[in-house]
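Dear colleague,

Here is the structure for you to look over. My notes follow below it.

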Amino acid sequence: MEPTRPPDPSPEERTSATAVLLNRARGGDVEAREELFERFIPVLRRWAHRRLPLHARDLNETSDLVQITLLRALNRIDEFEARGEGAFLAYLRRILLNVVREEIRRSARRGPHESLEETLASPYASLAEQVVGLEQMERYQRALETMSEEQQQAVLLRLEFGYTYEQIADAIGKPSPDAARMTVVRAIDQLAQMIDADHVRRSTAR
């Protein structure tokens with residue numbers, strides 16, 4: 001008689017690790033806060049480093065900006081509903097993007113500077129920037145903001161943070177890497193259509 005195979009974990013169980021840490025951190029658990037720091041600092045550091053012009057990197061280390069971001073997020077943890085890793089990383093991205101913009105504005109006072117958009121042309125650009133291109137980044141952001149939460153997370157995790165499909169499945173609660181891949185493919189396809197439609201609409205309005 002073959003042993004009974006344990007049931008596959010549900011989406012809720014697959015995404016519970018980050019949610020549990022967030023709930024513990026909300027309750028004042030210091031160890032949970034430290035574990036969240038350890039879990040998200042590396043991926044946020046890579047994301048931020050590409051978006052800081054060289055002179056701005058001299059003012060504050062990328063790791064400092066990432067720590068500022070995590071501190072802001074955890075100090076306002078009551079504003080965030082613990083829905084798993086994908087949602088939390090999207091939330092951190094919004095905060096970190098504002099921190100990077102603040103740093104670029106501060107660094108501008110020291111002389112000629114690059115805008116945030118100009119830093120997207122870096123040879124170290126993320127897959128999102130390589131695929132979409134500098135001219136399309138503004139349209140990309142507008143389109144992204146109109147997508148569903150799951151679609152946003154799928155796009156961000158794959159294109160901006162470089163997650164594997166297995167990691168995305170865990171982060172957004174999909175039953176398998178293949179299911180995550182299909183979600184990403186459909187989301188990117190819809191995103192591309194929205195960017196094209198935005199381009200046509202604005203070109204016609206000129």
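Arg45 is partly exposed, at a relative accessible area of 35%. The scale runs from buried (under 20% relative accessible area) through partly exposed to exposed (over 50%), with a 1.4 Å probe and protein chains only. Arg45 sits in helix 3 (residues 30-49). Helices here are DSSP runs of H or I with at least four residues, strands are E runs of at least two, and both are numbered from the N terminus.

This is a predicted model, so local features need pLDDT of at least 70 and side-chain atom pairs count only at pLDDT 80 or more, while totals for chains, interfaces and linings use all residues. Residues are numbered from 1 along each chain as its sequence is written, and side-chain values use heavy atoms, with hydrogens and water left out.

Which residues does Arg45 touch, leaving aside those up to four places away in sequence? They are Thr62, Ser63 and Val66. A contact means heavy atoms within 4.5 Å. Arg45 and Ser63 lie 18 residues apart in sequence, yet their C-alpha atoms are 5.9 Å apart.

Next, helix 5 (residues 62-75). Helix 5 has 14 residues. From first C-alpha to last it reaches 20 Å, close to the expected 20 Å. That expected span is 1.5 Å times one less than the number of residues. Thr62, Leu65, Val66, Thr69, Leu70, Ala73 and Leu74 are buried in helix 5. They lie on the same side of helix 5, because they cover an arc of only 165° around the axis. The arc is taken from the directions from the helix axis to the C-beta atoms. An α-helix has 3.6 residues a turn, so residues three or four places apart point the same way.

Now the whole chain. The protein chain has 12 helices and zero strands. Of its 206 residues, 43% count as buried. Among contacts between residues at least 6 apart in sequence, 65% join residues at least 24 apart. The chain exposes about 11700 Å², and carbon and sulfur atoms supply 49% of that. Areas come from the Shrake-Rupley method with a 1.4 Å probe; for residues, only the protein chains shown count as cover.

Last, confidence. The pLDDT (the predictor's confidence in each residue, from 0 to 100) averages 76 over the protein chain, and 69% of the residues score at least 70. Confidence is lowest in helix 7 (residues 116-119), at a mean of 43, and highest in helix 11 (residues 165-172), at 93. Over residues 113-125 the pLDDT is below 50.

Best regards
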